[in-house]
Amino acid sequence: MSRLPVRRFDALIIGAGGAGMRASLQLAEAGLSVAVLSKVFPTRSHTVAAQGGIGASLGNMSEDSWLWHMYDTIKGSDWLGDQDAIEYMCRMAPQVVYELEHYGMPFDRNADGTIYQRPFGGHSANFGEKAIQRACAVADRTGHAMLHTLYQRNVRARTQFFVEWMALDLIRDADGEVLGVTALEMETGEVMILEAKATMFATGGAGRIFAASTNAFINTGDGLGMAARAGVPLQDMEFWQFHPTGVAGAGVLITEAVRGEGGILLNSQGERFMERYAPNLKDLASRDIVSRSMDQEIKEGRGCGPHKDYVLLKLDHLGPEVINKRLPSIREIAIKFANVDPIREPIPVVPTIHYMMGGIPTNVHGQVVVPQGADPTVVVPGLYAVGECACVSVHGANRLGTNSLLDLLVFGRSAGNHVVSLNLSAQSHRPLPQDAGELSLARLARLDAATSGESVAEVAGDLRKSMQAHCGVFRNQQLLSEGVDKILELEARAQRTAIGDKSRTFNTARVEALELDNLIETAKATIYSAEARRESRGAQARSDYPARDDANWLKHTLWYRDGNRLDYKPVNLKPLTVDAFPPKARTY
């Protein structure tokens with residue numbers, strides 16, 4: 001028997017962001033006993049930082065179609081997205097938005113009472129013909145409104161929340177079935193086994209592996225680390241989206257909605273430079289295109305400021321009324337973090353790490369799938385993943401703006417429905433293995449036994465600097481090969497860290513040390529996958545392989561922790577019900 005206390009539930013969800021709470025709502029309303037574990041209070045999950053909107057073809061501003069949305073998503077993904085999953089998401093989009101509206105989400109409205117929709121990068125009418133208004137928003141605080149809406153519904157449904165708890169490791173039995181996790185209560189340091197018939201990861205992204213990031217400090221890839229240690233591969237981890245507009249020097253996100261509402265990017269010569277790179281959609285081209293264009297302007301000496309290291313985002317021409325009504329938080333962020341008032345002067349911006357397109361491989365039901373032999377659809381029993389930590393591959397090599405919140409809703413709901421269909425309350429718990437929890441106890445024992453060693457903060461800081469330097473907007477073989485060596489050195493250093501005198505150390509030191517383990521796994525998956533992919537596609541821009549190579553690289557990367565092994569599986573180019581969109585060059 002395990003040495004740890006055990007609590008049992010029908011279903012366990014790790015993470016209380018948009019995906020986790022959308023899934024838990026399905027489960028709790030179906031009468032299952034569901035526990036949701038979160039490192040922070042649910043409404044402080046990182047979904048709260050999403051600003052721009054939820055993409056859905058409601059057609060409230062002009063004619064729209066889910067098929068156009070599907071095409072834009074596939075094109076945005078640089079044809080690395082799976083077309084069956086993309087069709088499913090775009091078809092479901094209006095339904096999940098209307099559900100949220102009925103839950104009480106306070107969407108911006110048109111004069112006739114319908115949901116207001118704004119333009120957004122990469123969204124077009126009639127297969128790329130012209131920009132379209134498709135983003136359903138709550139001013140520039142959409143994620144904030146969504147989290148509060150979902151949390152209130154979960155409270156009503158009596159979902160049980162474990163707040164300020166950190167999941168440590170998956171528990172699997174001899175047959176490979178997932179039976180729950182070990183978890184640490186952050187306040188007391190107590191470790192416990194949370195046992196469940198279905199375990200779902202909704203742990204969000206891992207942007208803290210980079211030095212300049214729009215991500216919160218909690219985004220440390222915990223789900224990815226746990227999955228990797230349990231033998232589950234990580235998919236497409238080379239693809240990290242740089243958001244074009246992070247506040248220079250601070251990294252805080254300036255939503256694409258600013259450009260959707262009419263904001264424009266300028267270089268030091270006052271030119272609207274995006275007209276050169278994307279003559280049709282200009283500032284509303286896909287995010288990877290805009291980020292690389294900005295980087296190019298800076299590299300060629302047309303950056304702004306004393307070090308010529310940023311460009312300007314101008315929105316004063318929109319007028320105070322539009323800015324205060326549609327973009328109030330952006331004005332607040334600009335004043336606080338850039339010391340400029342956008343009503344009067346432009347905001348200094350640079351491309352900043354924002355979103356992880358890769359993650360734990362899943363199908364449209366959120367079930368984790370691990371290829372075996374020629375079969376790419378073998379399910380890991382008892383394990384689900386949803387949201388940014390998952391890779392259903394609707395985002396491919398580059399996510400289309402507003403599809404992140406849509407992904408949370410569609411696949412959180414879908415995974416919840418799949419778990420409900422299993423009729424878990426009629427099933428009994430499988431017996432825990434004899435060594436359940438021993439891996440976590442050994443990791444904690446190493447930390448507690450280390451009386452001297454490097455500080456966790458120092459190793460984590462070097463990790464972020466290394467990833468920024470070797471795996472940034474533009475990559476090449478030399479940078480990536482050096483990066484692989486650096487990350488392996490850092491992995492060895494992480495095993496020699498110490499958290500200081502236990503009598504004087506607050507519990508957060510242990511949490512940060514455990515998070516570092518997950519950051520290291522994520523960084524390894526990223527740098528090995530990026531080094532192996534010898535092409536430029538979406539967010540992976542290699543100066544030594546500048547072209548997309550569909551003949552050799554139209555396939556998903558799978559990184560396995562055991563031996564840092566890489567494998568591949570084909571991209572699904574067959575939609576569910578419509579004709580496929582064959583790969584072609586991306587122009588905006």
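Strand 10 and strand 23 (residues 555-560) run antiparallel and are joined by two bridges. Strands pair if DSSP finds at least two bridges between them. Strands here are DSSP E runs of at least two residues, and helices are H or I runs of at least four, each numbered from the N terminus. This is a predicted model: local features need pLDDT of at least 70, side-chain atom pairs count only at pLDDT 80 or more, and totals for chains, interfaces and linings use all residues. Residues are numbered from 1 along each chain as its sequence is written, and side-chain values use heavy atoms, without hydrogens and water.

Leu-234 stands opposite Trp-559 in strand 23. The open sheet has three strands in the order 10-23-24, with antiparallel pairing. Its edge strands are strand 10 (234-235) and strand 24 (565-570). Helix 15 (residues 508-532) packs on the sheet and touches strand 10, strand 23 and strand 24. Contact means heavy atoms within 4.5 Å.

Helix 1 (residues 18-29) packs against helix 11 (residues 403-421) at about 35°, with axes 7 Å apart. Axes are lines fitted to C-alpha atoms, for helices over the stretch in contact; angles run from 0 to 180 degrees between N-to-C directions.

Next, the cysteines. The whole structure holds zero disulfides, a disulfide being a pair of cysteine sulfur atoms within 2.5 Å.

| Cysteine | Nearest cysteine sulfur | Distance |
|---|---|---|
| Cys-90 | Cys-136 | 13 Å |
| Cys-389 | Cys-391 | 11 Å |

Cys-90 is buried, at 0% relative accessible area. Cys-389 is buried at 0%. Buried means under 20% relative accessible area, exposed over 50%, partly exposed in between (1.4 Å probe, protein chains only).
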